[in-house]
Amino acid sequence: RPSPRSAHQTLAGYQSASDVGPHSMIDLDMEELETKVGEYATNANWVAEAMFIYENGGGGLCSQADVDAAMTSDTTPWCTDTTQALGNSQKSSSVRTLKGFATKDYSWDRLTGADGGNYGEQMPPIYAGYWNDWAWADTFITKDYSATVKPSGWNQLIKKGANYQAVWMYVLHELEDAIGDCYAGDITANDNTPTGGAPHAWDEGWAFYAGSQVGEKAADAVMDDGTLIWELAEKRGQDFGTTHSTGPASVNVQLLAKFIEGRDKIIAADCAGAEPIIDNIIKQMSIPLIQGTLKYAYKAESDPANTIGDCVADAGKTALTASDDCVKSWAEAWAFAAAVLPQVHQCDAAAAATIRDNVDITAAEPMKDGFAAVKAALESTYACLGITCADVGTRSGFSA
């Protein structure tokens, strides 16, 4: 875990050119959130306590000493009383939260700079348009599922929504923001203090992708892989046989190279050269979401021929009446699908509808058309998404 105030960090092979230690510690909030929602079977207040972490930050509550210090210094000025969150990812005057990521106002698009005001963020309008909601991630995470989904699935929707919708999109936001800063001629705009020409927003993107708990080197991060999207790529790489010869998942190896390339182009003020790098990053970051959708759609299938399915005995049952294992896999399928469906819909609305009709957690039963239909629908959009079957790989029980 890096020092929160160190000059720079090396996270899973990426050497930041600015201080992103405090930023990277948002993964500690995610870890606390995952732990809290995991108490769904034993803690009657698990939802409220999880939402406190999500909305206010982790790290426990401010102590009286923190409150006293806030009166005489600016160390923790938000600690006005002992009911406030101390925060893991601390800004200079507040706490960085997962809810802050999920409620980012993407409707204000950065259309400024030397390109004549034509450059803006790519993904948020696609997601907001699909869900008809600019705060789509927050809506997904905070929805009251008590009347539709068992806690064994509800907890998955909260944590995976926070990680793979809110954090996932915020990573891309930071990269787009860095290019906006570049075009505006101020690549230190997000840092407030000189950083030697560091693309601070770009560094933040990697900090939010990898987190503070990953190993310093990429190869080390295979075993010490944190809690955020780097970790997801590692898990799905193992599942689908898409690991690189150097150890990490191929997705992570390729993303690391692209993040480094983009960092260096922005330092060199090559704004236009950095733009297509984001396109490649989006493609790679989408692969683990697709792999997750496939993995759990298969596990949520109720076909008796599916020997590793969790829903074989649950055909015709809802997410309130199916078995806990079935609801868990079904919810995971929906969480992963929801994180990539807007892109799929942009490619093919009919394919997106097929996937959604089968994995939506509010459906009358899990996977009504079977896994083959979902897999075919998803694969039909690979070329549009800029990926291949080889990129996605294969998993025991089905081919890709």
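User: Which residues of H11 are buried?

Analyst: This is a predicted model, where local features need pLDDT of at least 70, side-chain atom pairs count only at pLDDT 80 or more, and totals for chains, interfaces and linings use all residues. Residues are numbered from 1 along each chain as its sequence is written, and side-chain values use heavy atoms, with hydrogens and water left out. Helices here are DSSP runs of H or I with at least four residues, strands are E runs of at least two, and both are numbered from the N terminus; buried means under 20% relative accessible area, exposed over 50%, partly exposed in between (1.4 Å probe, protein chains only). On that basis, the buried set in H11 is Ser 250, Val 251, Asn 252, Leu 255, Leu 256, Phe 259, Gly 262, Arg 263 and Ile 266.

User: What do the buried residues of H11 pack against?

Analyst: Contact means heavy atoms within 4.5 Å. By that rule, the partners of H11's buried residues are strand E2 (14-15) and the helices H8 (151-183), H9 (200-210), H10 (229-240) and H12 (271-299).

User: Where does Ala 269 lie, and is it buried or exposed?

Analyst: Phi of Ala 269 is near 65°, a positive value in a residue other than glycine. Ala 269 sits in the loop between H11 and H12. Its relative accessible area is 55%, so Ala 269 is exposed.

User: How many of the twelve residues of H10 are buried?

Analyst: Among the buried ones are Ile 229, Trp 230 and Phe 240. Their cover includes H8, H9, H11, H12, H13 and helix H17 (389-392). H10 is mostly covered, and the buried count is nine of its twelve residues.

User: Are H8 and H9 roughly parallel or roughly antiparallel?

Analyst: Axes are lines fitted to C-alpha atoms, for helices over the stretch in contact, and angles run from 0 to 180 degrees between N-to-C directions. Under 35 degrees counts as roughly parallel, over 145 as roughly antiparallel, 65 to 115 as roughly perpendicular and the rest as oblique. H8 and H9 pack at about 170°, with axes 7 Å apart. That makes the pair roughly antiparallel.

User: What angle do H6 and H13 make?

Analyst: H6 covers residues 123-131 and H13 covers residues 324-347, with their axes 9 Å apart. The two helices are roughly perpendicular. The angle is about 105°.

User: Is Leu 341 buried or exposed?

Analyst: Leu 341 is in helix H13. Leaving aside neighbours within four places in sequence, Leu 341 touches Tyr 130, Trp 334, Ala 352, Ile 355 and Arg 356. With a relative accessibility of 1%, Leu 341 counts as buried.

User: And Asn 132: buried or exposed?

Analyst: Asn 132 is in the loop between H6 and helix H7 (136-142). Its phi is near 55°, a positive value in a residue other than glycine. At 73% relative accessibility, Asn 132 counts as exposed.
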